[in-house]
Amino acid sequence: MRGASQVRCVLRAQALNAESPVWDERSGRLFWVCLREPALHAFDPKTGQDTAWKMPAWIGTLGLTPTGAVVALRTGLFEFTEQDGALRFLAPAPFDPRRFTFNDGGLDPRGRLWAGPMYEPLEPGDASSAPRALPFWCYGGEGTWRPGTAPVQTANTLAWSPDGRTLYHSDTPQKTIWASDYDVETGTASNTRVFAYTHEGVGPDGASVDRDGFLWCALYGAGKVVRFDPLGRVEREVLMPVQYPTRPAFGGEGLGTIFVTSANHSLSPEERRQRPEEGNLFAFEAPVPGIPGTTFRMPEKG
């Protein structure tokens with residue numbers, strides 16, 4: 001058990017909805033997004049500098065590329081080039097953007113982008129009989145989306161085991177994390193079963209896996225990050241100085257630091273003033289290093 005005293009604030013972002021932290025080993029920076037700002041960020045822990053690029057629509061997740069990132073916006077998938085800040089359209093979103101947006105996602109061991117939905121209609125009183133849950137999608141080298149899981153309403157906890165043979169994902173409202181057998185060569189999941197239930201807060205949010213195959217998951221609304229062993233048992237809890245942590249990610253030298261994003265959009269304006277730490281970026285030292293990330297595999301042309 002680790003306490004909040006060992007967690008330090010590294011960036012006073014006060015973000016509405018910080019998500020999807022991804023460590024870039026080449027530049028020594030942590031890329032992350034603010035879903036509702038919306039913007040893509042790059043934070044340098046050595047200098048404390050945080051650079052932001054505004055996005056034209058809500059941004060759910062990202063995958064690093066040699067020249068920047070691929071970003072999943074509410075309106076579709078785009079390639080972002082850091083040098084000039086340009087966006088190049090790759091594919092439309094595989095859902096009605098009036099009713100859904102992208103939420104959690106990440107790259108599999110072969111560089112395929114997986115991204116899941118969040119039901120967030122532009123009209124809050126949406127009375128449509130259309131489904132309010134959709135699957136995680138996989139966007140691979142063929143340049144098209146294909147469904148990869150059963151439907152979820154708020155996609156989260158996407159991560160892979162160190163050998164790539166187990167895929168984790170969750171639906172936050174169900175407070176359930178699932179594990180599936182994963183075929184790295186084909187990018188397909190099968191034999192899905194319950195990995196763990198969460199009982200505190202709103203439910204499981206984003207997650208990362210360490211070198212020993214333990215899953216670190218943020219419990220949104222519960223103010224903690226939980227480390228599950230490969231059998232789904234709670235091995236430890238890290239208490240956070242905020243109520244709404246969103247996702248842990250490994251970074252820093254030797255991937256020995258865990259960075260944790262957080263959000264403040266669930267608070268009223270007065271609560272945000274009283275609790276300025278909500279929405280900041282935090283870090284603590286990991287007992288076990290993380291797994292090196294991959295780069296996005298661009299669809300083949302022609």
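These legends walk through several close-up views of one predicted model. Residues are numbered from 1 along each chain as its sequence is written, and side-chain values use heavy atoms, with hydrogens and water left out. Because the model is predicted, local features need pLDDT of at least 70 and side-chain atom pairs count only at pLDDT 80 or more, whereas totals for chains, interfaces and linings use all residues.

**View 1**
Strands, like helices, are DSSP runs numbered from the N terminus (strands: E, at least two residues; helices: H or I, at least four), and two strands pair if DSSP finds at least two bridges between them. Look next at strand 12 (residues 137-139), which is joined to the antiparallel strand 13 by three bridges. Here Trp137 stands opposite Pro147 of strand 13.

Strand 22 meets strand 23 (residues 257-262) over six bridges in the antiparallel sense. To find your place, look for Phe250, which stands opposite Ile258 in strand 23. As a reminder, strands of a sheet pair through backbone hydrogen bonds, either parallel or antiparallel.

**View 1. Arg247 and Asp104 form a salt bridge.**
A salt bridge here is a side-chain nitrogen of Lys or Arg within 4 Å of a carboxyl oxygen of Asp or Glu, and the count by this rule is 18. In the pair shown, the closest N and O atoms of Arg247 and Asp104 are 2.9 Å apart. Arg247 belongs to strand 22 (residues 245-251) and Asp104 to strand 10, so the pair ties together parts that are 143 residues apart in sequence. Are these two residues buried or exposed? Arg247 is buried, at a relative accessible area of 8%, and Asp104 is buried too, at 3%. Buried means under 20% relative accessible area, exposed means over 50%, and partly exposed lies in between (1.4 Å probe, protein chains only).

**View 2. Further salt bridges include those of Lys224 with Glu237 and Glu270 with Arg273.**
The closest N and O atoms of Lys224 and Glu237 are 3.0 Å apart. Lys224 lies in strand 20 (residues 224-228) and Glu237 in strand 21 (residues 234-239), so this pair ties together parts that are 13 residues apart in sequence. Lys224 is buried, with a relative accessible area of 8%, and Glu237 is buried, with 18%. Now turn to helix 1 (residues 269-274), where Glu270 and Arg273 are three residues apart, separated by about one helical turn. Their salt bridge spans 2.6 Å from N to O. Glu270 is partly exposed, at 37% relative accessible area, while Arg273 is exposed, at 58%. Elsewhere, a network of salt bridges links Asp210, Arg227, Glu235 and Arg236.

**View 3. The largest pocket has a volume of about 710 Å³.**
Of its 34 lining residues, Leu107, Ile291, Pro292, Gly293 and Thr294 are the closest to its centre. A pocket is an open set of points on a 1 Å grid over the protein atoms alone, where a 1.4 Å probe fits, with protein on both sides within 12 Å along at least five of seven lines; lining residues have an atom within 4 Å of a point. Grid points are joined across faces, edges and corners, and the volume is the space filled by probe spheres set on them. Which strand gives the most to this lining? Strand 2 does, with four residues. Strand 2 (18-24), strand 6 (59-65), strand 10, strand 14 (155-160), strand 18 (203-209) and strand 22 each supply at least two lining residues.
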